[in-house]
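Please keep the sequence and the model open while you read. This briefing goes through strands first, then helices, then the scores.

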Amino acid sequence: MIKVENLTKKFGNNEVLSNISTEIKKGEVVSIIGPSGSGKSTFLRCLNLLEEPTDGKIYINDKDLTDPKTNIMQVREQIGMVFQHFHLFPHLSVLDNLTYAPMKVKKQSKPTAQEKAYDLLEKVGLSDKADAYPNSLSGGQKQRVAIARALAMEPELMLFDEPTSALDPEMVKEVLDVMKDLAHSGMTMAVVTHEMGFAKEVADRVLFLDHGVLVEDGDPVSFFDAPKTERAATFLEKIL
Amino acid sequence: MNLDFSQIVPYIPFMLEGIWVTLKFVFFAILFGFFIGTILALFKIGSIRPLRWFADAYTSIFRGTPLILQLMLIYFAVPQLSGYDITPFLSAILAFGLNSSAYVSEIIRAGIQAVDKGQTEAALALGVPYRQMMTDIILPQAMKNILPALMNEFITLTKESALVSTIGYLDLMRRAQVVGADLYRNFEPLLFVGVLYWLMVMGLTLIGRFVERRLRVSD
């Protein structure tokens, strides 16, 4: 579904991603972990071109994203993204946050979009908040709305950029539970996270990045039990 | 001390009429300035370099020279150059509108840039095109940052409008001078129109507060 070939990203002279190649298959849940500054968020943001790669190719369903002829807006419709700081639209109600893009971008009718929105709100356990404004919600609620907003576009792939890092500890679980449900429903997911429990339990694969280099790429069991590289072993020692 | 307000009583209707005359061109100047200012602001934050340069140069010129000079250039110099006999009314709208748009463009630019960058990213990630993102997501949020400063600019414009008395436009200020010359008494008519200006500005302030409150529903 996604293929990344020799992806390199530089900010000025600073190389944040070096020559990364990997693949994410349909239905796969991939956790991207690594120390801060390792480039994992930048890697994720390259996948929907919020950051423009300096070099290399990214294919989504065999479409080359880096080709200037590709309509990137159309590709983004198929990729949902969830941010660390939610980025809900504060001037719109929860319901309008969910229906805005389907109506404006996919040209869905209001009743269709709203029906779908209510379904999704029920799924994330926030049916009673449809008319609330984002600023009246807790962090965990905001993030669940943000997930629902991304799902409203019916994406084929979901990107999560540290979705629980800005949350109070007691709210992490409610967000992770929603993500687990999503993973079990067969959604293709790429998750940048510090939640090793989630990576261990839910992910099909783990990518370990350090200083912009893809150091390890393998299944979570062997990664957590017996990391192949010194760098991964040191990292795991520090956080577990 | 010899103050005698009874003498200006016959002139009160004449001076009150000045409110309407002043408001008429202030209204059009604000609209014109807001329209041009919005376009200039979009130039400034856009990615087309020549437009950005143009908007920056425009702002620099109109903020960098006295308003009264701009007004006189338009009223006295345009007929000399083009032979078109421009009315004081039109000159006033042009001068105040063009001048105000320089300030308004800065206010709007700053207001847009103060909106969290994450909003742009969230909209882009959902596949929302630039124009729609601007009108539906960014500008409504920017309005909250913009409105207080914009109201200030409108108030300034309303007061500075008294400058048009220098080109013979019979606005509130000019009427006070006319009455003063008629009576050989200046204090009473000047004080009287001073109160009228203050009332106009209070009206604007109240409108601004009302709109601000309306925008705050989502907080």
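A:Val4 has A:Ile58 in E4(A) as its bridge partner. This is a predicted model. The neighbouring A:Glu5 is bridged to A:Lys57 of E4(A). Both pairs sit in a predicted structure whose scores are ipTM 0.90 and pTM 0.82.

- Strand E1 (residues 2-11) of chain A and strand E4 (residues 55-60) of chain A run antiparallel and are joined by five bridges.
- E4(A) and E5(A) run antiparallel and are joined by two bridges. A:Tyr59 stands opposite A:Asp64 in E5(A).
- E4(A) and E5(A) also form a hairpin, with two residues between them. In the turn, A:Asn61 has a positive phi of about 50 degrees.

**The six-stranded sheet of chain A**

- A second open sheet has six strands in the order E6-E7-E8-E3-E9-E10 of chain A. Here the pairing is mixed.
- Strand E6 (79-82) and strand E10 (213-218) of chain A are at the edges. Each pairs with a single strand, so one side of each has no neighbour in the sheet.
- From one strand to the next, the twist averages 15 degrees.
- Strand E9 (residues 205-210) of chain A runs antiparallel to E10(A), with five bridges between them. A:Asp210 is bridged to A:Val213 in E10(A).
- H5(A) lies across E6 and strand E7 (157-161) of chain A. Relative to E6(A), H5(A) runs at about 170 degrees.

**Helix pair H3 and H5 of chain A**

- Helix H3 (residues 94-104) of chain A packs against helix H5 (residues 139-151) of chain A at an angle of about 25 degrees. Their axes are 8 Å apart.
- H3(A) and H5(A) are therefore roughly parallel to each other.
- The crossing of H3(A) and H5(A) is right-handed.
- H3(A) contributes A:Val94, A:Asn97 and A:Leu98 to the contact. H5(A) contributes A:Val145, A:Ala148 and A:Arg149.
- By class, the contact of H3(A) with H5(A) has four nonpolar residues, one polar and one charged.

**Chain B overall**

- How many helices and strands are there in chain B? There are eight helices and zero strands.
- Along the sequence, the pattern of chain B is α-α-α-α-α-α-α-α.
- The C-alpha trace of chain B spans about 70 × 45 × 25 Å along its principal axes.
- The pLDDT of chain B averages 92, and 98% of the residues score at least 70.

**Helix pair H4 and H6 of chain B**

- Helix H4 (residues 88-113) of chain B and helix H6 (residues 130-160) of chain B cross at roughly 140 degrees. Their axes come within 8 Å.
- That angle makes H4(B) oblique to H6(B).
- H4(B) and H6(B) cross in a right-handed sense.
- Residues of H4(B) in the contact include B:Phe96, B:Tyr103 and B:Ile107. Among those of H6(B) are B:Met134, B:Ala142 and B:Glu153.
- The contact of H4(B) with H6(B) has 14 nonpolar, three polar and two charged residues.

**Helix pair H7 and H8 of chain B**

- Helix H7 (residues 172-183) of chain B and helix H8 (residues 187-215) of chain B pack at about 165 degrees, with axes 9 Å apart.
- H7(B) and H8(B) are therefore roughly antiparallel to each other.
- H7(B) passes H8(B) in a right-handed crossing.
- On the H7(B) side, the contact is made by B:Leu172, B:Met173, B:Ala176, B:Val179 and B:Gly180. The H8(B) side includes B:Pro189, B:Val193 and B:Tyr197.
- The contact of H7(B) with H8(B) has 10 nonpolar residues, one polar and no charged.

Notes
Residues are numbered from 1 along each chain as its sequence is written. Chains are lettered from A and ligands numbered from 1 in the order in which they are written. This is a predicted model: local features need pLDDT of at least 70, side-chain atom pairs count only at pLDDT 80 or more; totals for chains, interfaces and linings use all residues. Side-chain values use heavy atoms; hydrogens and water are left out. Axes are lines fitted to C-alpha atoms, for helices over the stretch in contact, and angles run from 0 to 180 degrees between N-to-C directions. Helices (H or I, at least four residues) and strands (E, at least two) are DSSP runs, numbered from the N terminus. Angles under 35 degrees count as roughly parallel, over 145 as roughly antiparallel, 65 to 115 as roughly perpendicular and the rest as oblique. A crossing is left-handed if the near helix is turned anticlockwise from the far one by less than a right angle, and right-handed if clockwise. Contact means heavy atoms within 4.5 Å. Ala, Val, Leu, Ile, Met, Phe, Trp, Tyr, Cys and Pro count as nonpolar, Asp, Glu, Lys and Arg as charged, and the others, Gly among them, as polar. pLDDT is the predictor's confidence in each residue, from 0 to 100. Two strands pair if DSSP finds at least two bridges between them.
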